[in-house]
Amino acid sequence: MSPPGPAPDLPGYRHVGSGKVRELYEPIDPATGAAATDRLLLVASDRISAFDHVLDSVIPDKGRLLTQLSLWWFEQLADLVPTHVIGTRVPDQVPPQVVGRAVMVRRLRMIPVECIGRAYLTGSGLSEYHRTGEVCGVRLPPGLTEASRLPEIIFTPTTKAELGRHDEPMTHAEVEALVGRQRSQLLAGLTTEVLTRGNALANARGILIADTKIEFGVDAAGHLVLADEVLTPDSSRFWPAQDWRPGRVQRSFDKQYVRDWLTSPASGWDRARGDPPPPLPEHVVAATREAYVIAYESLTGRRFA
């Protein structure tokens, strides 16, 4: 997998880590040179990932879209679970080159589980269901098909693999063995509550959230905290509600457009051989950006500029 490109230097900050999309920095005291121990600057880039690869292509404005949409959702979810956001306004001292795509957040000890909630059956969940009749150990009714609405939202966790490795499905028992029974139940409950709240708001705006991936951390007091991003086109599948028809692949406002092109004959990519994905053509980049903008504007009611 291609690693992320070099992180930009930010005056007053020390780079401490890179993810597929985000960069982490710690603020530095200009007088002492000491790093802050309680907070980090989280900066969303325009990189896009698919199939465990960071692509060479970028999606213009994607980092700003993800950041602003996550901030909006954090506000809608604040009564359900604490979030890592120190403030919805980025401090004045944040360098101008990252304004709009940076958030000051609390330092957390991250839970080593990708918490996935599913309201509809698609993607890897559908593939597993076809093989076993289950998703992550959750038995589902027979006869479900592509885009079927599930009887209730289910918690289908996966491992949180290192960059370049594939996340693997986990059963509830495996999560419990890793983090303990009480915390496992809390992760499952919060994940389904976030997706339930998300769909209640999104449905009123003409969008179905088929599934979502959520990350949690633990603060100094031992409380679970919602972290990273939430209910964005990178971490969720957004479908236009008026077009939803079970039994077929749905039109979407997320990065599924990129996945579909990469796996089409047009890309020429042999995924099974392990080659890196090819650069995205301009029309795929433009269509992906448009999908992200539609998702943002539809959900928030705000114009993206």
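How much space lies in the largest cavity? Point 2 has the value.

1. Basis. This is a predicted model, in which local features need pLDDT of at least 70, side-chain atom pairs count only at pLDDT 80 or more, and totals for chains, interfaces and linings use all residues. Residues are numbered from 1 along each chain as its sequence is written, and side-chain values use heavy atoms, with hydrogens and water left out.

2. Cavity. About 80 Å³ of space lies in the largest cavity. A cavity is a set of points, on a 1 Å grid over the protein atoms alone, where a 1.4 Å probe fits but cannot get out. Points are joined across faces, edges and corners, and a volume is the space filled by probe spheres set on them. The search of the whole structure finds one cavity of 30 Å³ or more.

3. Cavity lining. The largest cavity has 13 lining residues; Arg22, Leu42, Thr67, Val103 and Asp228 lie nearest its centre. Lining residues have an atom within 4 Å of a point. Strand S3 (39-44) and H1 each give two or more residues. H1 has the largest share, with five. Helices (H or I, at least four residues) and strands (E, at least two) are DSSP runs, numbered from the N terminus. By class, the lining has six nonpolar, three polar and four charged residues. Nonpolar covers Ala, Val, Leu, Ile, Met, Phe, Trp, Tyr, Cys and Pro; charged covers Asp, Glu, Lys and Arg; the others, Gly among them, are polar.

4. Helix packing. H1 (residues 62-77) packs on H4 (residues 181-203) at about 105 degrees, with the axes 11 Å apart. Axes are lines fitted to C-alpha atoms over the stretch in contact, and angles run from 0 to 180 degrees between N-to-C directions. The two helices are therefore roughly perpendicular (65 to 115 degrees). Trp73, Gln76 and Leu77 in H1 meet Val194, Arg197, Gly198 and Leu201 in H4, with contact meaning heavy atoms within 4.5 Å. These residues divide into four nonpolar, two polar and one charged.

5. Second largest pocket. Its space is about 170 Å³. A pocket is an open set with protein on both sides within 12 Å along at least five of seven lines. Its lining includes Gln250, Phe253, Tyr257, Asp260 and Ile294. Helix H6 (282-300) and helix H5 (256-262) each give two or more residues. H6 gives the most, four.

6. S1 (residues 13-18) and S2 (residues 22-27) pair antiparallel over five bridges. Pairing needs at least two DSSP bridges. Histidine 15 has tyrosine 25 in S2 as its bridge partner. Three residues lie between the strands of this hairpin.

Terms used:
Parallel < 35°, antiparallel > 145°, perpendicular 65-115°, else oblique.
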